[in-house]
Amino acid sequence: MGFGSLVKPDQYMEFRYKAMLGMKEARERILRVEQEFKHIFGRAHGGLLDLYKCADADVVMVAAGSVAATAMDVVDAMREKGMRVGLARIRAFRPFPHEEFRSLAGKTEGIAVLDRSFTFGAAGAMFTEVKSSIYSCQKRPVVKNYIAGLGGRDITPKILEKIFEDMLVVSKRGAEDEVEWVDVAGLPRRWR
Amino acid sequence: MTKTTIPVEEFTFPGSTGCPGCGANLVMRYMLKALGERTIVTIPACCWAVMPGYWPSNCLKVPLLYCAFEATGAAISGLRAALDVKGVEDVTVVGFAGDGGTVDIGLQALSGAAERRTDAIYVMYDNEAYMNTGIQRSGSTPWGAWTTTTPVGTSHGFKHESKKDIMAIMQAHKIPYAATVSPAFPEDFVKKIEKAKRTKGFKFIHALSPCPPGWRTNPSLSVEVARLAVDARVFPLYEIDEGKVHITRKGKGLPIVDYLKVQGRFQHLTEPEIDSMQKIVDDNWIMLLLKESSGT
């Protein structure tokens with residue numbers, strides 16, 4: 001057995017096809033392992049997409065990594081003020097949680113994708129994935145991309161709250177700019 | 001029939017895509033005979049990255065992990081750490097890299113693994129150039145050799161820089177065991193690998209690996225060329241055991257021209273140039289004898 005061996009062009013398609021099948025299987029494997037973990041330790045972490053207070057949310061923020069923990073607190077604070085917001089935390093980028101996003105699309109009016117990355121000439125990396133996920137849905141919520149926190153710049157609870165507030169408005173009338181840069185010096189909108 | 005001490009069992013099967021007369025095939029074969037089945041071999045970019053066969057084939061009986069050119073030292077460190085976590089103690093981790101992937105591109109990862117005393121064996125099979133990509137000079141190409149990047153016939157001609165002394169570099173890391181081996185002396189070869197396997201910590205093996213296409217030699221003479229390298233003391237067989245140098249085979253002390261004349265890569269050398277090579281070989285040999293007698 002060799003891991004990472006040379007593959008000739010006449011076998012390469014078949015090799016990649018097998019890798020694709022493996023990645024397909026990874027989805028089920030991740031979910032199964034999560035169940036095993038839950039069985040042993042009594043807690044679970046949300047599979048490929050961890051949904052936090054999304055069931056009745058008017059708008060949902062999509063985030064990943066440490067900023068998602070901050071966003072959870074913001075969701076709690078805003079709900080206390082009567083705003084129905086939720087958080088969807090991406091835990092696996094490949095395989096991407098397409099099915100989870102499709103089922104989320106029918107339950108919310110707006111999705112705010114918070115990307116800490118930007119692919120020049122396009123948009124944030126997660127934003128394009130989320131949009132393509134829900135394209136085939138009958139009911140498609142408004143999706144807007146917020147670019148923030150590049151280079152480790154702080155994304156404060158205040159900024160997250162403003163993103164939620166913006167999304168609550170945008171979800172009703174549509175987004176003028178599909179992609180917005182957050183907290184950039186010299187831009188008109190104030191975030192801090 | 002003379003009885004040998006070399007294990008009978010084979011771990012290399014037919015199907016290697018190596019060239020006819022490839023010395024590296026023999027190096028892998030004898031190494032695995034000495035180490036046995038409970039071995040994982042890490043291979044960076046080098047001839048042996050191709051020689052096991054294209055996916056999904058593999059002519060070796062042991063598992064292989066292919067890694068990036070510069071990463072052999074890091075890959076064996078990771079494998080060892082993973083085995084330790086799993087509590088697997090009876091598996092030998094081997095890094096199996098060419099000379100370019102060792103003395104040039106892989107040197108920092110090798111140095112790191114040695115400094116951390118990673119419990120693994122690093123084998124450098126030395127064909128004295130980047131042979132897999134078309135005979136480009138490496139830091140291990142000897143002075144005087146023709147390669148495609150040190151072409152003869154231009155104003156500069158052959159390689160004018162000397163070969164890096166990787167054994168001295170490894171000795172400076174104060175590793176528990178280092179040795180030179182040759183496919184022409186398989187008994188000595190296997191004994192040293194077995195000793196490396198028994199020794200805890202980082203072990204380094206320098207194997208001379210004749211390359212018919214790169215050295216411009218007759219493929220049927222590979223073992224002979226390897227023997228001449230030892231007998232002409234171009235490649236002395238010795239070990240450095242806990243810092244102590246021990247020469248395991250003194251060789252016949254043949255003139256270097258005997259070694260050079262069977263190789264096309266040295267055909268351009270003039271008599272004075274061969275004389276100056278002889279002097280370097282003689283000086284190195286005296287230095288090695290001194291190291292042995294002084295116990296360093």
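Reader: In β2(B), which residue is the bridge partner of A:Gly2?

Author: This is a predicted model. β1(A) pairs with strand β2 of chain B, residues 64-66, in the parallel sense and over two bridges. Within β2(B), the bridge partner of A:Gly2 is B:Leu64.

Reader: How many residues of chain A are in contact with chain B, and which elements of chain A give two or more residues to that side?

Author: The contact joins 10 residues of chain A to 10 residues of chain B. On the side of chain A that touches chain B, five residues are nonpolar, four polar and one charged. The elements giving two or more residues there are β1 (2-3) and α1 (9-41) of chain A.

Reader: Are α1(B) and α6(B) parallel, perpendicular or oblique to each other?

Author: Helix α1 of chain B covers residues 23-35 and helix α6 of chain B residues 186-198; their axes come within 9 Å and cross at roughly 50°. Angles from 65 to 115 degrees count as roughly perpendicular and those under 35 as roughly parallel. α1(B) and α6(B) are therefore oblique.

Reader: Which classes of residue make the contact of α1(B) with α6(B)?

Author: α1(B) contributes B:Tyr30, B:Met31, B:Lys33, B:Ala34 and B:Leu35. From α6(B) come B:Pro186, B:Phe189, B:Val190, B:Ile193, B:Glu194 and B:Lys197. By class, that gives eight nonpolar, no polar and three charged residues.

Reader: What ipTM does the predictor give the complex?

Author: For chain B, the mean pLDDT is 96, and 99% of its residues reach 70 or more. For the complex, the predictor gives a pTM of 0.86 and an ipTM of 0.75.

Note on methods:
Residues numbered from 1 in each chain as written. Chains lettered and ligands numbered in written order. Predicted model: local features only at pLDDT ≥ 70, side-chain atom pairs only at ≥ 80, totals over all residues. pLDDT = per-residue confidence, 0-100. Contact = placed C-beta atoms within 7 Å. Helix = DSSP H or I, 4+ residues; strand = E, 2+ residues; numbered from the N terminus. Nonpolar A, V, L, I, M, F, W, Y, C, P; charged D, E, K, R; others polar. Pairing = 2+ DSSP bridges. Axes fitted to C-alpha atoms, helices over the stretch in contact; angles between N-to-C directions. Parallel < 35°, antiparallel > 145°, perpendicular 65-115°, else oblique.
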